[in-house]
Amino acid sequence: MRRTFLPALGLLALGLSFGGPAAAFCGFYVARADAKLFNKASQVVLARDGARTVVTMASDFQGPVSEFAVVVPVPTFVARGQIHVTDNAIVEHLDAYTAPRLVEYFDPDPCARHERKTMRELPAMALADAAAESGARPRSLGVTVEARYTVGEYDIQILSAQESGGLITWLRGNGYRVPDGAEPVVRSYLARGMRFFVAKVNLAEQARLGYATLRPLQIAYESERFMLPIRLGTVNADGDQELFVYTLTRKGRVESTNYRTVRLPSDMDLPTYVKDDFARFYRALFQRHTEREQRRAVFLEYAWDMNWCDPCAADPLSEDELRELGVHWLAGGARKGQARDVFVTRLHVRYDAERFPEDLTFHETGDRENFQARFVIRHAFAGPTRCAEGRRYRDVTLPARREREAATLAKLTGWTIADIRARMGSLPAGGGEAPWWERLWQR
């Protein structure tokens, strides 16, 4: 029996008709929290302009590809030319470009700063074979197979149905494992006139094409609805599902209209040891903030003009990559890293059926303010401190800063401050006073 892959790609089920101020952050990028840090994580890219939408669905499906299938509600009939298969590397590039990031600064010599008075610290799916189809009696069940396509390594059907029970029976009769509880959700989509995009892997085509992993599926269509049905993804899910939504739009940031959109913390100073433990830190931070919002919020991790980044966790996407993701409005002629009129938003959702009973709906705001979940570590100056300003830096400024960093980390993650202080250790030796002979003839 073929497995119907709803927990992750069900959340990709697209019926999608579908802070910080803007400032030069600088610093040295040293780590990022990409989607790979989270289990059961699915990624959707929505390129949207007016009613035109191109959705790219990437899955973290694990297991034999022969068991992969996806059933996705779509708002309109989908022709062969509206379906495409793209490269995982493009979605991975977008994930890397938008991921929460860690940057580091190195304190200047406090004495040099004191003497010059000029130093400033930087601001802080599934097709069955012909025999199975004939045995399922689609028309007698009120199911119409409106189209069949092979696109890349996928066999695809577009289905419509008169009622949910007939569609469920048809799916099960054609080898799809449909979980109990799916029928009411399917019924609600049928009541809105939606069709179902059903895909499975064509093993012969996959072997011929030479792909070892599943590539993202893409669908282009027009609809006034700007939404992402996620309810099918919760029907047979075992626990929370992780979803990353990347939107590419003209006007500005995208946010949810039926769930709170919350900005994650940014520009927070952390102990330097977090550099080697950033993944654990970010998972703990995200867990704490989902709980603080009663697990009912959509979190903003990134919102930025695609033509630049600061600091860059990855280069901006090229025009060719953006067009591949569906950004059809690019005029051409832009230099590398200067894609005009493309604003990217990264939203991160952890959801289940109880706390997210409705599909996600979105709207594009006119807000083009840049935002990123950015965290900072500052390395203490390690040289000798040969002035009064240096002694104050070593004896007063650094201990106070370290205590603030420990308190911040405890607040963000819920970790105990005692454990954090133990991980931080003691201040490194700073060299103390200048040798006596250097001070002898100083003026």
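Does Cys309 count as buried or exposed? Its relative accessibility is 11%, and the cut-off for buried is under 20%, so Cys309 counts as buried. Keep in mind that this is a predicted model.

Cys309 has a bonded partner, Cys312, and the two sulfur atoms of this disulfide are 1.9 Å apart. The angle about the S-S bond is 100°, which makes the link of Cys309 and Cys312 right-handed.

Now the other pair. Cys111 is joined to Cys387 by a disulfide, with an S to S distance of 2.2 Å. Here the angle about the S-S bond is -100°, and the link of Cys111 and Cys387 is left-handed. As for accessibility, Cys111 and Cys387 are both buried.

How many disulfides does a search of the whole structure find? The count is two. If the bonded cysteines are numbered in sequence order, the pairing reads 1-4, 2-3.

Finally, the protein as a whole. There are 443 residues, and 55% of them are buried. The secondary structure consists of twelve helices and 22 strands. The accessible surface comes to about 19000 Å², and carbon and sulfur atoms account for 50% of that area.

That is what I have; questions are welcome.

Technical notes:
Residues numbered from 1 in each chain as written. Predicted model: local features only at pLDDT ≥ 70, side-chain atom pairs only at ≥ 80, totals over all residues. Heavy atoms only, no water. Helix = DSSP H or I, 4+ residues; strand = E, 2+ residues; numbered from the N terminus. Buried < 20%, exposed > 50% of the residue type's maximum accessible area, 1.4 Å probe, protein only. Areas by Shrake-Rupley, 256 points an atom, 1.4 Å probe, with all protein chains shown as cover. Disulfide = S-S within 2.5 Å.
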